[in-house]
Each structure stands twice: as C-alpha cells, then as structure tokens.
Number of protein chains: 2
Amino acid sequence: MTMPYEAPLVMMRAAIDQAARAAGLISVPGRAEALVELADAVLESAGRFAREVLSPLNRAGDAAGSRLTAGGVVTPPGFPEAYRRFCADGWASITGPEELGGQDLPLLIAAAATEIWGGANLSFAMCPEAASGAIEVLRLHASEALRRQFLPPLVSGEWTAAMALTEPQAGSDLSTVRTIAEPAGGRAPTGIASVRAGPAGERTVDLEGAWLVSGRKIFISWGDHDLAENIVHLVLARTPDAPPGLKGLSLFLVPKRLPAPGGELRANDVTTVSLEHKMGIRTSPTCVMSYGERGGALGWLVGPLHAGIECVFSMMNHMRLGVGLHSTGLAERAWQLARRYAEERRQGRNAAGAQRPIIEHADVRRMLLTMRALTHAARGLAYTAAATFDVTRSGTDEATRVRAERRLALLTPIVKAWCSEIAVEVASLGMQVHGGTGYVDDSEISQVYRDARIGPIFEGTNYIQAQDLLARKVVRDGGAALEEWLLDMEHAAGTLRGMQTLTALADGLAAECARLRTAVAQLKKSAPSNPELVGSVACPFLNWLALAAGAWQHAIAAAEAARQDPANPVVRTQIADARFYAAHILPRAHAHSTAVASGAELIFREV
Amino acid sequence: MTMPYEAPLVMMRAAIDQAARAAGLISVPGRAEALVELADAVLESAGRFAREVLSPLNRAGDAAGSRLTAGGVVTPPGFPEAYRRFCADGWASITGPEELGGQDLPLLIAAAATEIWGGANLSFAMCPEAASGAIEVLRLHASEALRRQFLPPLVSGEWTAAMALTEPQAGSDLSTVRTIAEPAGGRAPTGIASVRAGPAGERTVDLEGAWLVSGRKIFISWGDHDLAENIVHLVLARTPDAPPGLKGLSLFLVPKRLPAPGGELRANDVTTVSLEHKMGIRTSPTCVMSYGERGGALGWLVGPLHAGIECVFSMMNHMRLGVGLHSTGLAERAWQLARRYAEERRQGRNAAGAQRPIIEHADVRRMLLTMRALTHAARGLAYTAAATFDVTRSGTDEATRVRAERRLALLTPIVKAWCSEIAVEVASLGMQVHGGTGYVDDSEISQVYRDARIGPIFEGTNYIQAQDLLARKVVRDGGAALEEWLLDMEHAAGTLRGMQTLTALADGLAAECARLRTAVAQLKKSAPSNPELVGSVACPFLNWLALAAGAWQHAIAAAEAARQDPANPVVRTQIADARFYAAHILPRAHAHSTAVASGAELIFREV
C-alpha cells in the first residue's frame with residue numbers, strides 16, 4: 001500500500017493562527033500581515049512539493065541509502081534532482097534575509113514547511129535544516145567578508161552546510177575535542193590546489209586570515225553528498241595555546257571546495273572517511289570526516305577566538321526546534337498511514353455480519369486518538385516556539401523581545417525532547433495498528449518507526465535538554481520564567497470554565513500547574529545542598545511540564561473551537577481530542593511528578 | 001563493542017524459587033525435587049550454550065537474514081550447526097515426556113531456558129518454541145497413530161514444526177480462513193512422489209485416513225528452513241460442507257516430507273512461495289506457504305472435525321507464555337548491553353577533573369534502574385505463569401489444579417502483552433543509553449530494538465490479549481478469579497508492613513488493588529448495557545493490572561530479600577529495585593485507571 005504524504009493543511013493553519021496569538025506574533029507589524037497573506041499559499045505549495053517530489057523518494061531512499069564512492073557520497077536516485085527543484089522553487093531561502101536573496105518569511109510559516117519536509121522525507125529534510133542552522137551562526141557571528149562570500153550561496157541553497165562538532169572520544173562532551181587549528185601564515189598548504197589569495201571575494205579566498213584545520217570528526221549529517229557543488233563545514237577546533245575544555249574551542253568555516261578564479265571550485269583538504277550504517281534516516285549521510293590529511297584544511301574563524309561553543313549554541317536552539325518540527329511531521333505521517341490502514345483493513349464482523357474495517361474496533365480507535373492528540377500537542381508547542389522565536393527577533397519593544405526570549409528558553413528543550421518522544425510513541429502505535437503488515441520492511445510505518453528513534457538522541461540527547469530546562473532555565477532564575485508560563489497556562493484553563501465537557505481538562509491542567517509550582521519551590525530549596533538532585537529528576541520534570549504544556553495547547557485549541565460552528569469537523573476534532581487528552585494522556589503526569597518527588601536517593605544506589 | 005549474552009543466573013534462580021513458592025509448585029511431589037536438584041545445572045549449562053553458540057550468531061544472522069533459494073529456505077552460516085548441537089545437547093527435549101525420549105523437566109525450568117534463548121538469539125529461539133507448541137497440540141489432540149509417528153522426532157528436535165493459521169484476507173480474524181481439506185480417498189495425488197500406504201508407521205503413511213489440503217497461508221514462522229530434514233505443519237483448513245466461520249475450521253498435520261520406505265522422506269505438496277523481509281527477527285523465516293499446488297498436500301486431521309480453533313487454543317497459551325519469556329530475555333539483553341556501555345563510555349568530568357563513565361550520570365542511572373526494575377517484574381510474572389502451568393498439570397488434587405487454571409488464565413494474556421511492551425520500552429531505553437552509537441546498524445542494541453517490536457504484534461496482538469483478559473477472564477466470572485489474585489497481592493503488600501523503606505510499595509500496591517476491585521465492580525455493572533465498553537478499556541485495564549502485578553512481584557522479592565543478609569548484593573538490588581518501582585513505575589497506573597474510568601464515550605467519536 002503506497003500513499004503519499006499529505007500535509008494536514010487545515011490543522012496546520014489552525015495551529016499557526018493559535019501559535020501566532022499565543023506568542024503575541026499577531027500584533028507584530030509586518031509579521032502579522034505576512035501570516036495572513038502568505039501562510040495558506042506557502043503551506044499549500046509546500047504540501048504539493050512534499051506530496052509530489054519528496055514523499056515518493058522516501059521508501060526507495062531508505063532501501064538504497066547513501067553510499068560512499070571514490071568520488072564522494074552518492075545519494076539514491078532522485079535526491080539530487082529533488083534538491084535542485086527544492087532550491088529552484090525557493091524553499092531553501094524562505095527565511096533568509098531579503099538583502100541576501102531570501103524571502104524573510106516568519107519562522108512560524110517556515111516551521112510548518114519544516115514539519116512537512118520531515119513528515120514526507122526526514123533524511124532529505126535534514127539537509128536544508130543543517131544549512132539554516134549554519135546561516136544563523138554566520139549571520140550572527142561571521143565577519144562581514146565571510147558573510148558576503150558564503151551566505152548568498154547558502155541562502156539560495158546552491159551550497160549546503162554541515163556541523164562538524166563531535167569526535168570519537170567526545171560524544172556529547174565537547175570539552176575533549178582534539179581537532180587543531182593553526183594560523184595558515186598566509187600560504188595554502190602544498191596539498192591544496194592553488195587558490196587565489198586576496199580579500200575574500202567571489203573568486204578569491206583571504207589567505208592572510210586563514211587557518212589550517214586538522215582532525216577527525218564523527219556524526220556529521222550531510223557532511224558529504226552530491227546534492228550541491230559545495231558544502232560549508234562549521235568545525236569546532238582548538239587553537240594553539242588555547243585553554244583546555246570548552247573554553248578553548250573556536251569555530252571555523254571550512255568549505256569542502258574553495259572559490260578559485262573563473263568561478264571554479266578547488267578541493268580543500270577535506271576527506272570523507274566513512275559513512276555510518278544506521279537503523280534509520282538512511283539517505284542522510286552520517287559522515288566520519290577527516291580534515292587536513294594533506295597538510296591542513298583551509299578554514300576561517302567564525303566569531304571570536306575561544307568562543308566556539310557560544311557560536312554553536314546560537315544555532316543549537318534553531319536545530320532543536322528543527323528536531324521538534326521534524327518529529328511532529330513523523331508523528332503526523334504515522335497517523336496518516338495508520339488512519340488509512342485502519343479504514344482499509346477489514347477484520348471481524350459487525351452485528352449485521354458484515355466485515356468491519358478495523359477503525360471500528362475500540363482499541364484501534366484508542367490508539368488512533370492517542371496518536372492524534374499527541375501529535376496535536378507536539379505541533380502546537382513546536383509552532384508556539386517558532387512564533388516566539390519570531391517575536392524575539394521582531395517584537396516591537398525590548399520588553400516584549402526579552403519576555404519572548406525567556407519563554408523560548410523554556411520551550412526549546414521541551415519541543416526538542418517531548419516532540420521527539422512523541423514521534424517514537426506515535427510511530428510505535430502506528431506500527432501496532434498495522435499489526436504484522438507494519439513489521440515488514442517495505443511498510444512505510446516501519447521506516448517511520450526507525451527514522452523517529454534518532455530524535456531523542458541527536459542535537460543534544462533528551463537528558464541534555466532536560467538538564468538545560470531544569471538547571472539553567474528553571475532553578476537558576478528561581479522559577480520566575482516558569483511562573484510566567486504557569487500563569488498563562490492557568491489562564492487558558494480558566495477560559496474553559498463553564499464548558500461542561502472540558503471540565504476535566506481545565507481542572508487537570510490547573511492541578512498540574514499548582515503541583516509544578518510546589519515542586520519547583522521544593523527543588524529550589526533542596527538543589528543547593530544536593531548536587532545530584534537536578535540531574536536525577538530532570539527528565540521526569542521535563543515530561544511532567546511537557547504534559548501540562550500539551551494540555552495548555554489543547555485548552556487553547558478547544559476554547560477557540562468552542563466559539564466556532566459546532567458542525568465544522570475541525571471544531572469537533574479539536575474538542576474531542578482535548579477531552580481525550582484530559583482522560584488518557586494528561587494523567588501520565590502523576591508518574592512523573594511522583595518520580596520528581598522521590599528525588600535522587602533511589603537513583604544513587606547500586607545499579 | 002561485542003559482548004556475548006550472559007545468562008543472569010543468580011537473578012533467574014531467585015525468580016525460579018520465588019515463582020515456585022508463589023504458584024505452590026514447591027509442594028508438588030516430584031517437581032520440587034527437580035527444581036532443587038536440576039535448576040542450577042540446567043541454567044548454567046543453558047547459559048553456556050547461549051554464550052558460546054547462540055549469541056555469537058545473533059548479529060551475523062540479523063545482517064544476512066534467511067533467504068529463499070530454489071532448494072528452499074537457507075539460514076545464515078552457523079545456524080544449522082547450532083541447531084544440531086541444540087538437539088544433541090538435549091535442549092529440544094527438556095520438557096518432552098519421558099516415554100517419548102523427553103526429560104520431563106518442570107516448565108518452570110524450561111521457562112528460564114526459553115528466556116535465555118530469546119535473549120541470546122530471538123530468531124533462533126522461535127524455532128524450537130514453535131515445535132514445543134506443536135508437541136503440546138499433538139499430545140492433547142492427535143490420534144495415537146499420529147502421536148507415535150510424529151512426536152518422537154519432534155521431541156528430539158530431529159524435526160521441527162510450524163503453525164499455518166492465518167491467510168492474507170484473515171489477519172487476526174481466522175473466521176475467514178479459506179484453505180480447503182478434502183478426504184484423499186485412500187490415494188496420494190499424482191503430484192506427490194509415491195509413498196507407501198499402510199497403518200501409520202515409521203516408513204508408511206495412513207492413506208486411508210489422509211486428507212488433501214489446498215490453500216495459501218502467510219506469516220508462518222520457520223515454515224521452511226535448513227535446520228532439520230522435516231517440518232510438521234499444523235494447518236487450519238475448512239472441510240467440505242463445514243459451517244462458515246470459526247466453527248467450520250479443522251486442524252491438519254501436514255508434513256513437509258512424508259515418511260517412505262527405507263527411512264527416506266518424500267516431498268509432500270508443500271511449497272514456500274516467498275519470505276517476508278522484516279524489520280527484525282531476520283533469521284526467522286516468515287514464510288508464505290502454498291499447500292496443494294500439485295493436487296493437494298497430504299494431511300491428517302488433528303482432534304475432532306471442526307474443532308481446529310480449540311486445538312489451536314490449547315497451544316496458544318503456551319506460545320503466549322513463550323512470547324513473554326523471549327521478551328524478558330530481550331529486555332535482559334538490552335539491560336546487559338546498556339549496563340556495559342554505561343560503564344565503559346566516558347563523558348564529562350567529576351569534581352576531581354577525571355572523566356566519568358556515564359553510569360555516574362544521574363539520568364543514565366535512572367534509565368538503567370527503570371530497565372532493571374521492569375525486567376525483574378517481567379521475569380517474575382512470566383516464571384510465575386510457568387510455575388502455575390506446572391501446577392495445572394501436576395498439582396496433587398483437583399482443587400489445586402483448577403485454582404491454578406484460573407490463575408494461569410489471568411496471567412497468560414498479561415505475560416504476553418505486558419512483557420512484550422516492557423521489551424520494547426527497555427530496548428528503547430537501552431538505545432537511549434547508547435546514544436548515537438546505538439543507532440548505527442552494527443550495534444546490537446539496534447537489533448534488540450527492532451527484534452523486540454514484533455512481541456506486541458504476533459501470537460495475538462496485545463489488544464486481543466487485553467480483550468481475552470477483561471472480557472473472558474474478568475467480566476465473565478464476575479471478577480471471582482481476579483479477586484482471588486487481588487487477595488494474594490494484598491497479602492504480599494501486608495508482608496511489607498513495618499519495613500519503612502518499603503512502605504511506598506506496600507501502600508501503592510494495596511491502593512491499586514482496592515481501585516482495581518472498584519473498577520471491576522463498575523465494569524461488571526456497565527458492560528451489559530454498553531457493548532463497546534470492554535473493548536474501549538481493555539488495554540488500559542491490562543496495563544493497570546499488570547503494573548499492580550509487577551508491584552506484587554517486587555513485593556514478594558523484597559520481602560524475601562529483607563530476611564536475608566543485607567550485605568548480599570542480590571538482596572540490595574532487589575530492595576533497591578522494589579523501592580524504585582514504587583516511586584517511578586507503579587504510579588503509571590494512574591493514567592491507565594483514569595482511562596478505564598473514562599469508558600467508551602471518548603473512543604466512539606470522530607477519529
């Protein structure tokens with residue numbers, strides 16, 4: 001059974017409007033108009049591209065995978081053409097600044113497109129996502145010359161980007177990074193085909209300011225490929241006499257190929273050593289890269305010396321939001337596949353003796369409703385984070401922007417961690433709806449199940465997200481930013497009062513807000529004297545807060561739906577899902593809150 | 001990193017003793033002695049076989065998979081030899097009756113071995129498991145002649161067996177089975193190489209009593225392979241003039257090859273059409289089989305005409321227990337891999353500046369403890385079911401046996417469904433502990449993650465288990481058998497009173513028992529007037545009861561441990577795990593009980 005990915009335009013548009021209101025984006029001049037005028041057209045067009053171009057490549061891409069050949073990494077048939085069309089249709093540049101040829105759309109609209117790419121073809125989607133992270137870093141930190149030289153082809157999608165951060169011994173702990181960068185001393189190493197020196201320009205490179213980068217990096221997504229003629233690597237490296245640990249790391253721009261006279265590109269000293277063979281995202285080449293095997297790869301410092309980690313962090317939030325959006329897309333895709341299968345597959349008989357589609361079986365419905373209610377919550381939170389990001393950039397006054405920064409700081413780790421957990425759970429439920437048919441390799445749900453499992457791992461494991469949330473963003477400010485959010489959640493619960501069918505949601509959400517407030521007060525008190533406390537309870541805390549935030553999203557949607565025509569199917573769906581969430585999903589918070597209350601003692605015993 | 005499977009002998013032995021006491025097997029003459037005298041030796045020997053023979057084949061088997069060739073299914077290198085050694089060492093026959101060359105060990109001991117095979121190499125383990133299900137069916141239902149002819153080679157493992165139940169249009173709903181069986185009329189069809197007729201014997205087949213079976217079956221595990229020279233298929237088929245639906249199905253024994261003069265085996269009309277390419281259990285050939293392409297496959301009726309479903313059911317319980325045991329083995333294996341990885345992998349630094357193994361990180365510990373506490377609960381319940389099965393066979397009086405039947409009826413669907421869910425969760429946690437390293441294909445944890453996912457699907461989906469539990473085994477008898485069990489659980493909770501560190505477990509378990517009792521009373525009352533109620537709440541109900549049953553297992557283990565030397569590491573582990581379960585896992589019951597309370601209304605809305 002093949003069935004192309006279909007962007008859920010109506011639900012997405014509702015989520016966009018809801019997020020724009022919740023984040024205050026709706027009142028930002030310029031952005032609100034863009035939403036009203038462009039969202040529908042962009043979404044419809046993105047949906048068509050996903051359905052016609054990306055989705056049809058997804059299964060074959062999984063089966064074939066990308067391969068490393070003598071000439072570099074080769075993607076499965078159709079991927080290079082799809083990428084060229086992606087750029088030609090302007091998808092690479094939707095959020096790029098206008099002065100660089102971008103379309104400067106709100107990130108909120110781009111977020112919906114990002115969800116669509118992830119749902120249709122996650123492997124493909126990861127390539128432009130990495131580029132948009134790099135664009136973010138270069139815009140904020142690179143010199144004028146580097147920006148002039150490298151941003152235009154990145155914004156257009158003509159070139160792509162890759163993040164070269166970790167190393168075999170390092171994993172999540174970048175403090176042990178060993179890759180070295182030394183000043184090039186104005187000369188290209190002999191191993192590199194001659195490049196023309198001069199002030200950085202279209203056809204020259206600035207050899208005076210160049211560094212020689214040497215080292216080996218792992219887990220580099222789209223580190224090499226045949227979709228574009230050049231790949232801009234952002235490489236974390238240690239300079240001579242740098243202090244040890246994280247504070248000694250600097251970020252370098254290392255292109256796969258160097259601009260040379262005549263518009264040519266000459267090979268830099270960048271080698272793809274091998275590809276990982278992975279359980280999922282098999283078209284996305286996960287590379288082991290070697291820099292400087294022939295004397296040193298030419299690179300240029302991005303941001304100040306020894307500020308590499310800060311530069312990387314400015315992209316991390318963007319990448320983490322990307323994981324949440326891609327995960328939402330996968331959850332949506334799992335739902336689509338399961339929903340369709342449940343309608344077509346017949347099992348058992350109804351009272352009249354006719355064979356029933358399995359969607360009439362109670363537990364199949366329970367699974368589908370769980371999938372839909374979780375996906376709705378994931379989408380709502382991810383879009384709210386995107387809208388909040390827009391406000392941090394374009395909010396009309398400093399106070400608004402700073403408040404948005406505070407909220408985004410809380411939302412980002414939750415979106416990354418919880419949406420990725422949701423994708424894993426929803427994919428597994430989708431598999432269960434399919435039964436044995438889902439377990440065979442050529443069933444797309446089995447690919448979604450395998451693809452989704454990377455989400456909780458990469459771009460900072462979910463434990464790293466949880467520690468970031470609890471230690472840096474809740475405990476450090478004494479819970480002030482969280483309190484602001486809890487008040488918003490309680491307000492949303494309050495809007496449901498008097499709607500009888502939504503009482504359970506209103507009461508449940510208000511109760512969790514109160515319990516979270518109490519727990520945070522307790523953690524603030526105990527954390528200073530108990531160094532293991534925050535780490536021990538961070539993951540249950542994140543999941544607890546996320547479940548409440550999901551209820552908040554359902555409350556906002558249901559309150560809005562209740563004002564509209566009750567015969568509208570979207571309205572009925574939103575109210576049904578909100579009620580289902582209150583009865584079946586929000587009560588999961590109890591297990592997490594109990595775990596938080598139990599603290600560190602049970603964790604630090606024999607394992 | 002390769003690390004062979006290591007049977008957890010100490011924990012297994014403790015679980016065996018605990019299950020033997022809980023089920024009353026300890027007081028059954030003959031069985032108790034067998035446990036004392038043989039359990040250690042059998043387990044140690046099974047552990048060695050798993051470590052030396054089965055575990056080393058697991059990764060290569062996954063990578064190569066079984067293949068269909070012109071000569072039939074070929075397993076990866078090493079599997080035929082491993083199976084020959086398995087039989088030569090007597091593992092195929094450990095539970096077989098003595099008069100047929102078996103060793104007649106308690107199923108409880110065999111259960112531990114079954115867990116070991118599943119943990120070391122699930123694909124392999126499924127082959128003897130299918131045979132032991134078939135042996136069960138034939139012992140109970142086949143004619144004396146069929147038993148004499150087919151049981152000895154099945155018990156020795158010389159021949160294997162396969163269950164041919166479902167068909168493309170049927171899925172879980174066997175009522176639509178279309179395979180046909182007609183009386184052979186005393187003649188072999190021309191397409192079958194001549195066989196010698198006569199009373200069934202070693203070298204002859206009873207053509208007078210033979211049937212001709214024709215049809216296509218799917219999802220037949222180990223339906224063809226090269227481990228043994230013959231495969232006994234048990235095929236559900238419809239006889240002429242049989243009533244429609246389930247009541248018209250009969251069970252037939254259809255050998256792949258027919259005994260012929262000179263000890264030869266002649267091909268029956270049985271063809272392997274294709275193999276499924278699956279996400280996991282890739283060495284276990286999942287066959288599409290065709291019977292009767294050349295005129296009809298010779299088969300013999302097992303049990304009465306039209307009693308095929310009853311015959312199959314007598315094996316189902318055995319097979320479902322097998323899924324629970326294999327799943328426990330996979331969970332144990334995921335734990336072993338993650339535990340080892342967490343010890344070896346270094347990330348971050350401790351206060352003294354030394355690199356820390358990740359097992360020192362709080363959330364890695366939390367994940368490992370969750371894995372261990374769940375695996376302990378799974379093992380305890382699965383072994384208790386096995387011990388209870390033994391009591392149904394060898395209990396000294398009728399009342400004891402009948403009581404054991406009642407308990408086994410409750411335990412079986414829980415063991416199948418919950419242990420398989422646990423394997424999926426524990427494998428996913430194991431993946432998370434490994435991080436990116438676990439996501440690559442040559443990491444064994446990625447295989448465990450893929451292999452485990454079949455458990456909730458096959459041998460009756462977990463929804464089928466839940467309906468069996470709630471509709472047939474709880475509501476039908478008005479909750480009487482469940483009440484007996486709840487009293488046992490409450491008694492176990494009572495034994496913890498006064499042990500301060502175990503108060504949370506004792507109180508939590510007692511509270512869930514009380515809530516379950518109330519919920520069942522409510523369901524009894526509402527179910528007759530609400531036909532969708534039981535189906536709507538069956539899965540949450542099963543998970544709720546299973547969480548309580550897991551607490552019961554931890555309570556029994558902790559109470560026993562508290563009587564022993566507190567310096568013993570096993571004692572410390574059991575008490576630590578019981579406390580962890582009470583704080584982190586048992587509270588999940590709240591979400592399930594809330595879902596049960598919400599009934600069918602939210603399920604039967606627009607999906």
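## Interface between chains A and B

Chain B brings 62 residues to the contact, and chain A brings 62 residues. The model is predicted.

Seven named elements of chain B each give at least two residues to the side that touches chain A: strand β13 (346-349) and helices α8 (362-394), α9 (398-434), α10 (436-439), α15 (533-562), α16 (569-585) and α17 (589-598). Among the contributors, α16(B) has the largest share, with 8 residues. By residue class, the side of chain B that touches chain A holds 28 nonpolar, 19 polar and 15 charged residues.

## B:Arg51 and its surroundings

B:Arg51 sits in helix α2 of chain B, which spans residues 31-64. Leaving aside residues up to four places away in sequence, B:Arg51 touches B:Pro4, B:Tyr5 and B:Glu6. B:Met3 lies 48 residues from B:Arg51 along the chain, and 9.3 Å separate their C-alpha atoms.

B:Arg51 is partly exposed because 16 C-beta neighbours lie inside 10 Å.

Technical notes
Residues are numbered from 1 along each chain as its sequence is written. Chains are lettered from A and ligands numbered from 1 in the order in which they are written. This is a predicted model: local features need pLDDT of at least 70, side-chain atom pairs count only at pLDDT 80 or more; totals for chains, interfaces and linings use all residues. Helices (H or I, at least four residues) and strands (E, at least two) are DSSP runs, numbered from the N terminus. A residue is buried if 20 or more other C-beta atoms lie within 10 Å of its own, exposed if 12 or fewer, and partly exposed in between; C-beta atoms are placed from the backbone. Two residues are in contact if their C-beta atoms, placed from the backbone, lie within 7 Å. Ala, Val, Leu, Ile, Met, Phe, Trp, Tyr, Cys and Pro count as nonpolar, Asp, Glu, Lys and Arg as charged, and the others, Gly among them, as polar.
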